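I am keeping these notes as I go through the sequence and the model, and I write down each thing that I looked up.

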Amino acid sequence: MASRGLDLLERAKEAAATDRLTLLQYLLLIGFIGLGVRFWSLQVVQHAKYLRAAENNRIRLIPIPAPRGAILDRHGRVIVDNRPTLSIILNREELRARGRKPQELVEELIAQGLALDRESVRQRLEAMSAQPAYYPVVLKENATVQEVAWVRARQVEYPELDIMEQPQRRYPHGTLLAHVLGYVGEISREQLARPEFRDYRPGDLIGRAGVELVYDRLLRGRDGYRRVIVDSTGHEVGEIERVDPIPGHDIKLTIDLDLQRVAEEQLGGRRGAIVALNPQNGEILALASHPAYDPSLFSQRINTPEGRAEYRQLLADPDRPLYNRAIQGIYPTGSTWKILVAAAALEEGLITPEHSTLPCGRGLQVGNRFVRCLGSHGMPDLHRAIVVSCDGYFYRLGLRLGIERMEAWVKRFGLGQRTGIDLPDEVAGFVPSRALKAKFNPRDPRWRDFDTVIASIGQGSVAISPLQLVRAIGGIAVGGVFHTPHVFKEALGPGGAVYTGDRPLIVPLKKQTVEVLRSAMWGVVNEGGGTGLAARVEGLDVAGKTGTAQVIAKERATGAAHHRDHAWFVSFAPRDNPQIAVVVLIENVGFGGRFSAPVARALYETYKEKYVQASDVAAVVAPSWRESPARSSGSREEPPLAAPSPVVPEAARRRVFVSAPQMNRR
Amino acid sequence: MLALLGVLEIYSSQPQEEFWKRQLIWLGVALVVMFVTATVDYHRIVEAAPFIYGGCLFLLVLVLPFGQEVYGTKAWLGIGRFSIQPSEFAKIGTILMLAPFLAERWEEHRREREPYLTMRDVLVASGIAGAPVLLILLEPDVGTALTFFPILGGMLFVAGLRPRVIAAGVVSVAVALSLGWYFRHQVLKPYQVQRIEVIFHPERADRRGYGYQTYQSMIAVGSGGLTGRGLFRGTQSRLRFLPKAYTDFIGAVVAEELGFVGMLGVLVLYAFILLRALNHAKLARDSVGTLLVTGVVALLSFHILVNLSMIVGLVPVIGIPLPLMSYGGSALVATFIGLGLIANVRLHRYVN
């Protein structure tokens, strides 16, 4: 009975558990039925209401491009800044939700009279296809007021179109300083594929040349965006989120706008280059190259048929306007080279200031050839030989020095190698050497005395850039410190930077070498018979050297325009404490003293007016060189191996070379 | 099938990201794990319960100093490219721990002709469930912590509770809820209050506020209509109105894209799984089996009912994923372990 009772109880308990499970099943069923009813109520009964809510409920992302930093001259005057423009953008998500294809829409818009550029729109759509659809595609930048009004008026028909504000590069001075500034353009597909551009998107503007390229990271800032709710007709009904853009850094260059303007005016319509720099610290005050181009082409018109035609024209122009002659052009230096030969000979002790006379001889017989001097100078000493630019003297001095020592010395002065300027695509050039001749002249690979003789006056296989020459002469004038030329002074604002890329070559020269050369170059400009009298400036001790570089062997010259000589003038001032060095090169005009020296004078006049009469030379230019490492680092010949500069790290510079636009190399 | 639909909808809501691929990988892992848990006799699994439970607690402790923080909650442990969420596994661990304990008490009481659990049993059981709850609250993850209560409640209920204890429980929950609501501004964080208030006035939701999610979810569901907008055509989710459309709000994506018909299918499938599981519970060979199934069913049904109620605006937003469909590897694997256990109890329902 007891066991039976237990059994019953047990069964009752089992039953109770089963009942409880059944109860749970019913509860669950009720829960699911309740949910089903709720879904019915929302989805079927109230469907219309929620459908309307969904239609009025679209989010769009509208980018707010960060304004690119302005570029200022050394006194803070604007060279490049931005102006607001409006762009028509396409919201691809909205378009897809309406079941339409972008290409189809573009055709329709063009048919309706909106002037879109098929080619660039196609490229952009293609580039953006890998990006999330909520990133809009720019259909047309620089939209006119009428075009914006057109789009706004058709918001209902084309809810996928939007207007975005976009700052665009503005060049108040036109083509001024174009080669230094460079230009901006849309990032290329090749660049996007590389890891260092990971944080860029298709359509982003990026510096493609000049300062815009080298200092892109400082200039570009960071884009912001707005996330807005728009209704089914594209009207904005609210803003969900706004991330303000971080503007790029404004950059101050070492360029002096006044000197730059004078330099470009002086070149006028002639092909050539001018560089003015401070030899005490490498700061470039002016850098001009003519012919130039209009950088606004790339930021404003490149996506129009006219703009592309203009660009093709630039590429096809035989005068190569895109090419920066000051750093990419390499030329024989003519007689300006004599300063370098003289410096080497003085340092080697081949001549001394007291014993430096050599015959002119109206030239020199070398083997079976007679190499002429342009004048008859008797037995000049070094000073006089430089003042009157006696070739005969230097033929003999060059032979004494010999090609090996000449090569070694000019290389120490930084020639035939890149100066390390913070601009892309600098060209190294060549200095004469046995190896060079053997390489480029396989028919007559042996170095002969004749080669040494013409090398002594900067002809033959000399091919260096104007920038290299002015750096070398300026460096000798300040006693043998060859600073890295640069155009970047500082990036303004929080997190800014100053130029730290100076890696000077230091070749301590004897005091008397420097004295003799300074005084001889002063004589060129200020003494009777001097070849550079046209550069004389009242109240400023300008010292210089003319050069007239033959483009082709005299025997073969036809008198055609492009066979005429290049006119050089390289100089510095004031003589006893050089603060500015200027090189002028004008292609195919004739004598350096006649064509280039007056150009330099114009620059010195402006310089004197600005800096000397205001007696603030020291305040403006001098302080920076006192701190320069060159002065304190003693007499090492090799540049100090300092840590890579944060401003132009080596890697960035290398990138510059690989990513440089093709058009600059031909 | 539900899980595959989940993957599809994750793809639909986050097409350009790698979510759906990962989910597929996890699904593969989960299926293997389920097969294993279904075939090994559940008694052997239950024997290992203290270790599994202990291991879960250890991971929960580990997550506090080493976890990855996502949305302010430190719930994830990173292992290589994948990360796991120990709290999901702790749910299974707790069920495995509670089942043998309650079953033993049940058998003992049965011998003593005592139909109900004693107060002491209830307290010990609460302790077992309480430990992970406390650790999870420290992460802090209130939503996940809440899911332990239905597990405990369901298992206690089936193991036998005195009617007056049940009544007391119901009353105290009701009192706690109303007190909590009265003092909501003291007890809850502002966003939590917003999430609750939106239930009553969805249209008034602040567009930038937390309640907005619920309203957006309701719009998504409502705009789906009878037959839906079609797969991959839901504007709500694709245009990013729905936050976390691939996890907690995956149900809303289904509702938007497949409509009432699709949703009804989903509901029927879930109901079928759960009700059938409870039938297995009735047929189980012993009380351990019954209780295991009950625990898993309680866990899953709480998740399903609360999550779906959440997307239709019946309960506030708490971070509870929809089993089988939401993105999340740990939850998926844990769910499949649970389903494996149910299958296991069914497979071993005959005494040898």
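**Entry 1: confidence**

What pLDDT does chain B average, and what share of the residues score at least 70? I found that chain B averages a pLDDT of 78, with 80% of the residues scoring at least 70, where pLDDT is the predictor's confidence in each residue, from 0 to 100. I note that this is a predicted model, in which local features need pLDDT of at least 70 and side-chain atom pairs count only at pLDDT 80 or more, while totals for chains, interfaces and linings use all residues. Residues are numbered from 1 along each chain as its sequence is written, and chains are lettered from A and ligands numbered from 1 in the order in which they are written.

For the complex, the predictor gives an ipTM of 0.84 and a pTM of 0.63.

**Entry 2: chain A as a whole**

I looked up the secondary structure of chain A, which comes to 27 helices and 21 strands; helices (H or I, at least four residues) and strands (E, at least two) are DSSP runs, numbered from the N terminus. Of the 666 residues of chain A, 49% count as buried, and a residue is buried if 20 or more other C-beta atoms lie within 10 Å of its own, exposed if 12 or fewer, and partly exposed in between, with C-beta atoms placed from the backbone.

**Entry 3: where the chains touch**

I then turned to the interface, where 41 residues of chain B are in contact with 38 residues of chain A (two residues are in contact if their C-beta atoms, placed from the backbone, lie within 7 Å). The largest share of the side of chain B that touches chain A, 12 residues, comes from H14(B).

On the chain A side I picked A:Arg20, whose place is in helix H1 (residues 2-45) of chain A. A:Arg20 touches B:Phe157 and B:Val158, not counting residues up to four places away in sequence. A:Arg20 counts as buried because 20 other C-beta atoms lie within 10 Å.

Helix H9 (residues 163-182) of chain B has 20 residues and reaches 29 Å from its first C-alpha to its last, close to the 28 Å expected. Of the 20 residues of H9(B), the number buried is 0, so H9(B) lies largely in the open.

**Entry 4: strands around E3(A)**

Strand E2 (residues 71-72) of chain A and strand E3 (residues 78-90) of chain A pair in the antiparallel sense over 2 bridges (two strands pair if DSSP finds at least two bridges between them). A:Ile71 has A:Val80 in E3(A) as its bridge partner. E2(A) and E3(A) form a hairpin with 5 residues between them, and A:Gly76 in the turn has a positive phi of about 85°.

I also found 10 bridges joining E3(A) to strand E5 (residues 161-170) of chain A, which run antiparallel.

Key: The expected span of a helix is 1.5 Å times one less than its number of residues.
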